[in-house]
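Me: I've just opened this one and I'm new to it. Can you walk me through a few spots?

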Amino acid sequence: MKLVSRFNQPEHLLLAMAFIMPLVFSVWMVLLNNFVVEKAAFTGTEIGILQSLREIPGFLAFTVVYVLLFIKEQRLAIAALALTSLGVALTGYFPYAAGLYFTTVLMSVGFHYFETVNQSLTLQWIKKEKTAHFMGKMLSAKSAASLMAFSGVWLLMEHFTWSYQATYLLFGALALVFTCFIALSFKQFTPHTEQSKKLVLRKRYWLFYALTFFSGARRQIFVVFAGFLMVEKFHYSVAEISSLFLINYVFNWLFAAKIGKLIGKLGERKILKFEYIGLIVVFIAYGLVDNATVAAVLYVVDHLFFALAIAIKTYFQKIAAPEDIASTAGVSFSINHIAAVVIPALLGMLWVINSSWVFYIGAGFAACSLLLSLLIPVAPKSGIELRYQEKRLAIR
């Protein structure tokens with residue numbers, strides 16, 4: 001009985017959900033570029049439209065605060081996880097533009113609502129001094145799930161010649177079963193602070209909003225166009241793309257928790273400055289690369305920087321009022337996706353003209369983030385959201 005009680009904790013639910021989501025979403029992501037090129041004859045224009053449609057639910061993530069009037073956050077997270085699984089399971093049955101747009105939006109509604117609520121629950125349930133390390137552990141769990149997904153895709157499609165349809169269906173159904181299991185296994189946890197049920201936009205959070213905006217813009221270039229570059233320009237197969245993802249996630253699995261600890265030790269300011277300088281270099285190199293092996297190295301290095309983005313969330317947790325977390329999680333996801341809705345379609349058209357310019361624009365976004373990171377205090381907290389406030393306090 002004690003063992004069951006010890007297991008039935010918010011931390012374990014968060015880790016379980018963190019495992020299930022990438023188990024199913026990673027399959028959708030790793031197969032997408034090959035699936036749309038081989039089965040639906042997509043060009044840069046169609047993939048740009050699909051990715052823009054995928055981001056519309058992310059842009060509308062602020063509506064989560066209204067959904068929470070009718071359903072508790074924990075239940076919404078599980079329902080969204082189930083919807084994502086269903087969308088992925090159906091993807092292989094619609095190998096044409098309109099069908100892929102439909103299944104992508106279905107999957108994306110679940111994915112973005114889940115990610116919004118999951119971030120909110122993490123910042124509410126986990127103590128501030130432990131958040132960065134715990135988020136690193138969550139990233140390790142996500143990476144372990146992604147490793148299973150990529151290994152499974154490689155094994156099934158390379159050695160057992162499974163179809164896209166069967167592979168999508170298997171992982172979607174498996175994730176749905178796991179979701180039902182955790183829904184029945186975990187009790188309903190009581191939130192520490194009653195969350196605001198209205199839209200919250202506060203002036204003192206502006207730096208967090210700005211960092212989130214450029215993070216979303218920059219991330220789209222990696223998610224949409226870096227992978228497409230590997231397939232279109234360097235003709236990488238499903239197995240080769242899966243291998244790159246395997247390398248990425250082995251690193252996160254082994255080191256993400258340690259990176260989380262490092263963020264807690266060095267602080268958000270130093271970590272984010274390092275990340276953005278590295279990304280500027282990587283994006284410029286993407287624009288210049290003409291060798292498949294060098295492109296693969298860049299792809300891996302690019303992904304390694306993702307773990308450092310935990311620092312944006314821990315910065316917000318330190319400056320936020322506890323009751324603002326759920327609403328601001330929705331707002332931040334919407335801000336993250338403002339550029340994401342527009343960028344894939346616009347840059348998809350630019351891609352046809354000159355693909356290098358897409359990555360130079362990404363370097364510009366990273367440079368904007370670097371300038372913003374200089375405004376983060378060494379020790380952020382409520383009332384000390386910006387560096388100049390900290391300096392002013394020190395002078396006094």
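Me: Where is histidine 235 found?
Reply: Histidine 235 is in the loop between α9 (206-232) and α10 (238-266). Helices here are DSSP runs of H or I with at least four residues, strands are runs of E with at least two, and both are numbered from the N terminus. One caution: this is a predicted model, where local features need pLDDT of at least 70, side-chain atom pairs count only at pLDDT 80 or more, and totals for chains, interfaces and linings use all residues. Residues are numbered from 1 along each chain as its sequence is written, and side-chain values use heavy atoms, with hydrogens and water left out.

Me: Is histidine 235 buried or exposed?
Reply: Histidine 235 is exposed, at 62% relative accessibility. Exposed means over 50% relative accessible area, buried under 20%, and partly exposed in between (1.4 Å probe, protein chains only).

Me: What is the phi of histidine 235?
Reply: Its phi is positive, about 55°, although histidine 235 is not a glycine. Most residues other than glycine have a negative phi. Threonine 161 also has a positive phi, near 45°.

Me: Where does threonine 161 lie?
Reply: In the loop between α7 (128-159) and α8. Threonine 161 is exposed, with 64% relative accessibility.

Me: Switching to threonine 167. Buried or exposed?
Reply: Threonine 167 is buried, at 0% relative accessible area. It sits in helix α8 (residues 164-185).

Me: What is threonine 167 in contact with?
Reply: Leaving aside neighbours within four places in sequence, threonine 167 contacts Val27, Leu31, Val153, Met157 and Trp162. Contact means heavy atoms within 4.5 Å. Also, a polar atom of the threonine 167 side chain lies 2.9 Å from the backbone oxygen of serine 163.

Me: New topic. How many cavities of 30 Å³ or more does a search of the whole structure find?
Reply: Two. On a 1 Å grid over the protein atoms alone, a cavity is a set of points where a 1.4 Å probe fits but cannot get out, and lining residues have an atom within 4 Å of a point. Grid points are joined across faces, edges and corners, and the volume is the space filled by probe spheres set on the points.

Me: Which residues line the second largest cavity?
Reply: Leu229, Lys233, Tyr286, Gly287, Val289, Ser355, Ser356 and Phe359. Two elements give two or more residues to that lining, α11 (268-288) and α15 (355-373). α15 gives the most, with three. The space inside is about 30 Å³.

Conventions: On a 1 Å grid over the protein atoms alone, a cavity is a set of points where a 1.4 Å probe fits but cannot get out, and a pocket is an open set with protein on both sides within 12 Å along at least five of seven lines; lining residues have an atom within 4 Å of a point. A polar contact is a pair of N or O atoms within 3.5 Å; within protein, one must be able to donate a hydrogen and the other to accept it, and residues adjacent in sequence count only if both atoms are side-chain atoms.
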